[in-house]
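Hello,

Here is the structure I promised to pass on to you. Have a look at it first, and then read on for my notes.

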Amino acid sequence: MASEKSSRIEGFYKLPIEKRLKKVVEFSGLSDEEAELLKKTGSLSIDIADRMIENVIGTFELPIGIATNFLIDGKDYLIPMVIEEPSVVAAASNAAKMARVKGGFWTSSTGPLMIGQVQVTNLPNPNYARLQVLAHKDEIIEKANEQDPMLVSLGGGCKDIEARVIDTMKGKMLIIHLIVDVRDAMGANAVNTMAEAVAPLIEKITGGRVYLRIISNLAVYRLARAYAIFDKDAIGGEEVVEGIMNAYAFALADPFRCATHNKGIMNGISAVVLATGNDFRAIEAGAHAYASLNGYKPLTTYEVNSKGDLVGTIEVPVAVGVIGGSTSVNPLAKINLKILGVKSADELSRIIAAVGLAQNFAALRALATEGIQRGHMSLHARNIAISAGAKGDEIDKVVEVLVRERKIRMDRAMEILKEIRSKKG
Ligand SMILES: CC(C)(COP(=O)([O-])OP(=O)([O-])OC[C@H]1O[C@@H](n2cnc3c(N)ncnc32)[C@H](O)[C@@H]1OP(=O)([O-])[O-])[C@@H](O)C(=O)NCCC(=O)NCCSC(=O)C[C@@](C)(O)CC(=O)[O-]
Ligand SMILES: NC(=O)C1=CN([C@@H]2O[C@H](COP(=O)(O)OP(=O)(O)OC[C@H]3O[C@@H](n4cnc5c(N)ncnc54)[C@H](OP(=O)(O)O)[C@@H]3O)[C@@H](O)[C@H]2O)C=CC1
């Protein structure tokens with residue numbers, strides 16, 4: 001399916017901010033008011049902030065960058081990313097540009113099913129209690145669904161019950177899972193309400209004592225998947241393919257490397273999760289727990305196909321919502337969702353998986369070739385220049401010398417600044 005508008009905007013980063021914003025407005029149909037909110041600082045008003053969390057004394061801002069070039073399932077997307085780290089947005093755009101050569105990213109998902117856990121203790125016959133719970137499945141599901149008629153009317157709600165007996169330091173426990181379709185929400189509030197509501201019924205059925213009733217962030221039934229074929233010539237030839245395969249083999253074999261490999265993936269994932277007002281701790285916990293199910297492993301895979309191209313895949317739990325939580329409260333999250341143009345939480349989760357794969361590919365390509373420092377540090381040089389005290393056009397001048405000399409250090413930045421100012425004055 002051909003896209004109406006293209007996210008392939010060459011040299012987007014070279015445009016002044018005003019022109020970049022204009023392109024985003026044209027692409028996403030933002031109103032004048034929304035564009036104004038993006039431009040000004042303090043868009044999250046103190047009154048809204050005071051209703052989001054407790055003991056508020058101010059707000060804390062981070063930049064929103066737009067990753068360009070993303071073609072996902074045949075549709076063009078501009079990706080808003082909220083992050084403090086330089087080079088992440090550039091790297092995502094860079095990878096997406098290379099992925100376009102072979103059609104971009106293709107995605108799928110399992111749907112929005114979350115798990116609510118109920119912990120049952122003090123059971124003399126936990127295996128018998130387990131069968132009793134499964135025999136009363138329909139009754140438990142009905143009780144859970146009474147809590148959220150709205151969700152049920154949308155086609156969601158509690159769909160199934162699982163029960164496991166586990167061995168713990170406090171003896172055997174029966175752990176019941178409510179499998180809940182949360183539709184377009186992240187789902188924690190909805191699931192927790194159900195888990196608490198069914199607890200007395202479960203105590204009655206089992207004769208045990210229920211303690212914890214809470215969502216699990218290991219969202220194994222809410223997986224998002226993406227793949228892309230990276231044309232070998234577009235990414236720099238056979239040697240680059242070989243280098244990336246070696247990088248992947250390293251991560252697969254060594255948890256010390258794997259943690260950094262997955263951190264690179266989360267650079268992309270967390271930035272979109274934050275931009276859309278979602279719970280980034282939930283996503284981080286879920287991703288690393290999923291990566292650890294069979295020993296800590298990379299969330300991405302790489303293979304070489306018969307043409308010598310690199311095939312990258314990702315599979316990761318992505319429990320995000322487009323309604324509920326702070327997505328509906330923070331005006332900037334709403335604007336970012338509009339820029340993405342997503343229609344459902346499922347679509348958002350698949351986009352996020354694609355960004356995670358892009359981010360990982362860009363980092364591995366840099367690491368396996370010239371090293372991370374040239375691209376990353378030349379963008380980081382701006383931070384160094386600003387920290388050294390450079391202002392206005394001094395910033396670009398200091399950056400230019402730092403990058404040319406390949407000495408991206410604070411002491412050198414201060415020296416250069418001194419030289420620039422002495423010439424001026
Ligand atoms: C930084 C680049 C992209 C430069 O890469 P380059 O080869 O100098 O870029 P280019 O000039 O050939 O441009 C290619 C495209 O990149 C984008 N691009 C290029 N420059 C910019 C810019 N200034 N601002 C925004 N976008 C930029 C832009 O889309 C551009 O296309 P165009 O629009 O021109 O047709 C490249 O070196 C790269 O991808 N590096 C990887 C950097 C990275 O992964 N950073 C993440 C932080 S490091 C980390 O935390 C994770 C890590 C690395 O530890 C994970 C791990 O170990 O696995
Ligand atoms: N471990 C964790 O991850 C935990 C996370 N949290 C927090 O929980 C929050 C997310 O909970 P969540 O349940 O998503 O938020 P909300 O309770 O804000 O939103 C979900 C509710 O929105 C209503 N709704 C309206 N339209 C839809 C739709 N299309 N799809 C789905 N629901 C719809 C539903 O019913 P109705 O209208 O009847 O409300 C639903 O229950 C986040 O702030 C998160 O940080 C909390 C505890 C633990």
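This is a predicted model: local features need pLDDT of at least 70, side-chain atom pairs count only at pLDDT 80 or more; totals for chains, interfaces and linings use all residues.

**Salt bridges**

Side chains of opposite charge can pair when their charged atoms come close. Across the whole structure, a search turns up 26 salt bridges. Here are a few to look up.

Start with D76 and R100, whose side chains form a salt bridge with an N to O distance of 2.9 Å. This pair joins distant parts of the chain, 24 residues apart: D76 sits in strand β2 (residues 75–82) and R100 in helix α4 (residues 88–100). Is D76 buried or exposed? Its relative accessibility is 8%, and buried means under 20%, so D76 counts as buried.

Next, the side chains of D279 and R281 meet in a salt bridge at 3.2 Å, N to O. Here D279 has a relative accessibility of 27%, so this residue counts as partly exposed.

R412 is buried, at 12% relative accessibility, whereas E405 is partly exposed, at 28%. Both belong to a network of salt bridges that links E405, R412, E415 and E419.

**Two helices that meet**

Two packed helices are described by the angle between their axes and the distance between the axes. Now find helix α10 (residues 255–275) and helix α13 (residues 345–368): their axes come within 8 Å and cross at roughly 135°.

Which residues make the contact? From α10 they include H261, I265, I269 and V272, and from α13 they include L348, I352, V355 and L364. Sorted by class, the contact between α10 and α13 holds 9 nonpolar, 7 polar and 1 charged residues.

Finally, look at T121, which lies in strand β4 (residues 113–121). With a relative accessible area of 8%, T121 is buried. What does T121 touch? Leaving aside residues up to four places away in sequence, T121 is in contact with M173, G208, R209 and Y211.

Enjoy exploring, and write back with any questions!

Best wishes

Definitions and conventions:
Residues are numbered from 1 along each chain as its sequence is written. Chains are lettered from A and ligands numbered from 1 in the order in which they are written. Side-chain values use heavy atoms; hydrogens and water are left out. A salt bridge is a side-chain nitrogen of Lys or Arg within 4 Å of a carboxyl oxygen of Asp or Glu. Helices (H or I, at least four residues) and strands (E, at least two) are DSSP runs, numbered from the N terminus. Buried means under 20% relative accessible area, exposed over 50%, partly exposed in between (1.4 Å probe, protein chains only). Axes are lines fitted to C-alpha atoms, for helices over the stretch in contact, and angles run from 0 to 180 degrees between N-to-C directions. Contact means heavy atoms within 4.5 Å. Ala, Val, Leu, Ile, Met, Phe, Trp, Tyr, Cys and Pro count as nonpolar, Asp, Glu, Lys and Arg as charged, and the others, Gly among them, as polar.
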